[in-house]
Amino acid sequence: MPTTPFLALPGAVAAEGVDTGVAGHYGNPIIEQRHLERGAAIVDLSNRGVVTVAGPDRLSWLHSMASQALARLQPGEGTEALLLDASGRVEHAAHVIDDGETTWLIVEGDEAAAVAAFLDRMRFMLRVEVADASGDVAVLGAMSTAALDAAAPALAPAGVALDWVDPWAHPRPGSHQYAHDTGHPASDWRWIERIVPRAALAEAAAAVRAGSVEAAGSLASEALRVAAWRPRLATEVDDRTIPHELDWLRSAVDLGKGCYKGQETVAKVLNLGRPPRRLVLLHLDGSDTVLPAPGDEVVGEKVRPEPAAGEAPERKVVGRITTAVMHHELGPVALAVVKRAVPADLPLIVLSHGTEVAAAQVEIVPADSGAAVEVPRLPRLGVHKG
């Protein structure tokens, strides 16, 4: 990706890891979180990729491959879709918006070429055209349209502004939520991603310099995302992930559609079983200076009923950290993927940087989540609906 003008703003410190290429913060990520949360700041997401699909067959074609119902997507309507392998494991994730002529897919930056190549291979004789537009357009994020408007207008080549509004806050019909309704933090997650001409990044950075809007780095947006229990492909997904484990049926899967690759696993796990792993939020103790790193082991500690004198508690690796952040209200917290059978009240320890960090679980996908009896039975593979 080209160098972004946001890295030339005062105080900018480049991000590392999955957000390399943009600013991690501008001096104080805690204050930046507050600015972002109240809708007064924008985040440079110019390291994300954008893939376009044009042509009259685009929506029905994408619908046939994706986990989400896309055939009747209306201009300006945003949704989220996954591309799964034959075993139901997540391969790609896209934030999808259509303008009536073209479907725009916002993806992780290192995914754009792979997504475009995959789609191009699947065109066959259909009237679709696939392109990687990442070099021409860029993405800005915010918690309000007012902040985005103060930075740069959205791209609107067909007269429809390309503002993708995250459906995580308000699940659409056809979705399913494993997490308990009580106290779900998604109601505070009002996330918008705006596609702009890449040349408009300079205009947005100038608006920050002029004081028209604040800038927040990726550390701020990631902290708010973690607090909202919101999964992300670049961080929470590995080569075994199925959507149920991350509560991704909430926003990225339509349970009424069938006949797409991986749908058999989606149906089987939802109708008959439990996700083999589950996403949790961890409140971390004693990690106020050094946060755990992605991939750090999460260990369960079980005390035997009648331990012998001097006997240490039994320990077993039960999961891994996916994202760890410092939140302005919650303090040090992390998302982690753990084994399904880990009890919700089991004391956990994160092994990180040669130290042990005590962790308390908040269930996202509950340990006792089983068959979803309140939803209609999903169609089996080969039965097409919608």
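How many salt bridges does a search of the whole structure find? The search finds 19. Keep in mind that this is a predicted model. The tour begins with one of those bridges.

**Stop 1: a salt bridge**

Select Asp166 and Arg230. They form a salt bridge, with the closest N and O atoms 2.7 Å apart. Now look at where each partner sits. Asp166 is in the loop between strand 10 (163–165) and strand 11 (192–197), and Arg230 is in the loop between helix 6 and helix 7, so the pair ties together parts that are 64 residues apart in sequence. Side chains of opposite charge can pair when their charged atoms come close.

**Stop 2: the largest cavity**

Next, go inside. Rolling a probe the size of a water molecule over the atoms shows where empty space is left. Two cavities of 30 Å³ or more turn up in a search of the whole structure. The largest cavity holds about 300 Å³ of space. Its lining is made of 26 residues. Select Arg48, His95, Glu108, Glu193 and Arg232, the lining residues nearest its centre. Then colour strand 6 (90–98), strand 7 (102–107) and helix 6 (218–227), the elements that give two or more residues to this lining. Which element gives the most to the lining of the largest cavity? Helix 6 does, with four residues.

**Stop 3: the largest pocket**

Keep helix 6 coloured. Helix 6 also supplies at least two residues of the lining of the largest pocket. That pocket has a volume of about 650 Å³. It is lined by 26 residues. Select Glu16, Ser218, Leu219, Leu291 and Ala324 to find those closest to the pocket centre.

**Stop 4: a charged patch**

Select Arg89, Arg240, Lys316 and Lys339. Together they form a positive surface patch. Zoom in on Arg240. This residue is in the loop between helix 7 (233–236) and helix 8 (263–272).

Notes:
Residues numbered from 1 in each chain as written. Predicted model: local features only at pLDDT ≥ 70, side-chain atom pairs only at ≥ 80, totals over all residues. Heavy atoms only, no water. Patch = residues over 30% accessible without salt bridge, like charges linked within 9 Å, V, L, I, M, F, W, Y side chains within 5 Å. Areas by Shrake-Rupley, 256 points an atom, 1.4 Å probe, with all protein chains shown as cover. Salt bridge = Lys/Arg side-chain N within 4 Å of Asp/Glu carboxyl O. Lys, Arg positive; Asp, Glu negative; His and termini not counted. Charge placed at Lys NZ, Arg CZ, Asp CG, Glu CD. 1 Å grid on protein atoms, 1.4 Å probe; cavity = no way out; pocket = protein on both sides within 12 Å on 5 of 7 lines; lining within 4 Å. Points joined across faces, edges and corners; volume = space filled by probe spheres on them.
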